[in-house]
Amino acid sequence: MAYPYDIYQLNENQEVEGKVGWRCPSNIAIVKYWGKHGQQLPNNASLSFTLSNAHTDTYISYKSHSKNAVSISFLFEGIENPAFASKIEKYLENISAHMPIVKQLHFDIESTNSFPHSSGIASSASSMAAISMCLSNIESDLFSLPQDTKFIEKASYLARLGSGSASRSLIGGVSVWGEHSEIAASSNLHAIKINDTHEVFNTYHDDILIVSAHEKPVSSTAGHALMNNNVYANPRYEQANKRVIELLSILKSGDVHAFGKLAEDEAMTLHALMMCSDPSYVLMEPGTLDMIREIRAYRAASGVPVFFTLDAGPNIHLLYPDDVKSEVEIFINNSLMQYTAKGVIIKDKIGNGPQKLV
Ligand code: DP6
């Protein structure tokens, strides 16, 4: 597919330098992206809430050079990190046809996460989103382009090429990524913002209860690939596309119970797909199942609309509106804390998307 934006490059011997910085949040998918094809194109539409507290801050200082090659230094949490650096180099190489400046400039990149690296929280969404925002910002500074909705769209496109779910982190609140015949302007190439939601969803909490901080046994890319031979793949993609439409109508109505049920059904579907893949993966831990049992029992007894979702790992994302915050806090302390790894909980909320730092 042809690159849908204009391509900009510096004139030979043009000398430029500067610095940009962006804070980009992570996001939690309610309808999951699981299965992809081509150049990071999703097999179904997904819908997520962009978070606020779990974020990556990235600063890029740039200076023109004449090497016509990717050239970076990279510090993660102030320390050189060759593994991350080589991922970024590959990514820049990948997007250089779309953005030739990534070979015309040397980049000194510094990145920090607000959440501990060993917390089991996937950082690819926030980190790829932050790098993409910085790159789009450098391009808009050098070529005097407006920082409008097209600017965000291009950053989402570039983030997608780094990590699919990152495309949704560029957009505040609720976003959808993936072409859907019933959603105007939806695209496989970048995420879009969903505006028409009930105000209760602006108050949503996502408390991430860390069950295990161990590295995942299967990378996302390898996990997505398992869908290619999964006999349930096609019905799954149909189901996900149907659920996105159901969810859009729930988000309008403000029905927090219907919202939570759909979120839990999606989490269970994602894990079921992994369990019946070949090879099969069980990514939940005993503590995950204990928490699921506790959450369901508490909800049945109290009527409090507290539900969970999971990403491709064992940690519980507890979803609830702000008006039940105090009850949920007591419930977490009394019933869920015992199953967490060393009591680690990352308290997050739905947020407004990227923030410019420099
Ligand atoms: C289960 O975006 O991490 O979190 O595109 O290979 O980088 P890549 O995959 P990634 O997959 C995320 C999968 C998920 C569901 C979701 O966020 O939609």
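The side chains of Ser46 and Arg168 are joined by a polar contact of 2.8 Å. This is a predicted model, and the distance is computed from its atoms. Ser46 belongs to strand β4, which covers residues 46–64. Is Ser46 buried or exposed? Its relative accessibility is 0%, so Ser46 counts as buried; the cut-off for that class is under 20%.

A polar side-chain atom of Arg168 lies 2.7 Å from a ligand oxygen atom. For His224, the corresponding distance to a ligand oxygen is 3.0 Å. How much of the ligand does the protein bury? Taken alone, the ligand exposes 450 Å², and 90% of that is buried by the protein.

Now take the whole shell. The ligand is surrounded by 16 residues. The closest are Tyr33, Ser163, Gly164, Ser165 and Arg168. By class, the shell holds five nonpolar, eight polar and three charged residues. Which element gives the largest share? That is helix α6, residues 220–226, with three residues of the shell.

Next comes a sheet. Four strands form it, in the order β11-β12-β10-β13. The sheet is open, and its pairing is antiparallel. Strands of a sheet pair through backbone hydrogen bonds, in either a parallel or an antiparallel way. Which strands stand at the edges? They are β11 (307–310) and β13 (345–349). Each has a single partner strand, so one side of each lacks a neighbour in the sheet. On average, neighbouring strands of this sheet are turned by 25 degrees against each other, direction ignored.

One pairing can be followed residue by residue. Strand β10, residues 205–209, is joined to β13 by five bridges. The two strands run antiparallel. Within this pairing, Ile208 has Ile346 of β13 as its bridge partner.

Finally, look at helix α1, residues 82–95, where Asn94 is found. Asn94 has a relative accessible area of 52%. The cut-off for exposed is over 50%, and Asn94 is therefore classed as exposed. How far apart are the C-alpha atoms of Asn94 and His106? They are separated by 16 Å, with the two residues 12 positions apart along the chain.

Conventions: Residues are numbered from 1 along each chain as its sequence is written. This is a predicted model: local features need pLDDT of at least 70, side-chain atom pairs count only at pLDDT 80 or more; totals for chains, interfaces and linings use all residues. Side-chain values use heavy atoms; hydrogens and water are left out. A residue is near a molecule or strand if one of its heavy atoms lies within 4 Å of it. A polar contact is a pair of N or O atoms within 3.5 Å; within protein, one must be able to donate a hydrogen and the other to accept it, and residues adjacent in sequence count only if both atoms are side-chain atoms. Accessible areas come from the Shrake-Rupley method with a 1.4 Å probe; for residues, only the protein chains shown count as cover. Ala, Val, Leu, Ile, Met, Phe, Trp, Tyr, Cys and Pro count as nonpolar, Asp, Glu, Lys and Arg as charged, and the others, Gly among them, as polar. Buried means under 20% relative accessible area, exposed over 50%, partly exposed in between (1.4 Å probe, protein chains only). Two strands pair if DSSP finds at least two bridges between them. Axes are lines fitted to C-alpha atoms, for helices over the stretch in contact, and angles run from 0 to 180 degrees between N-to-C directions.
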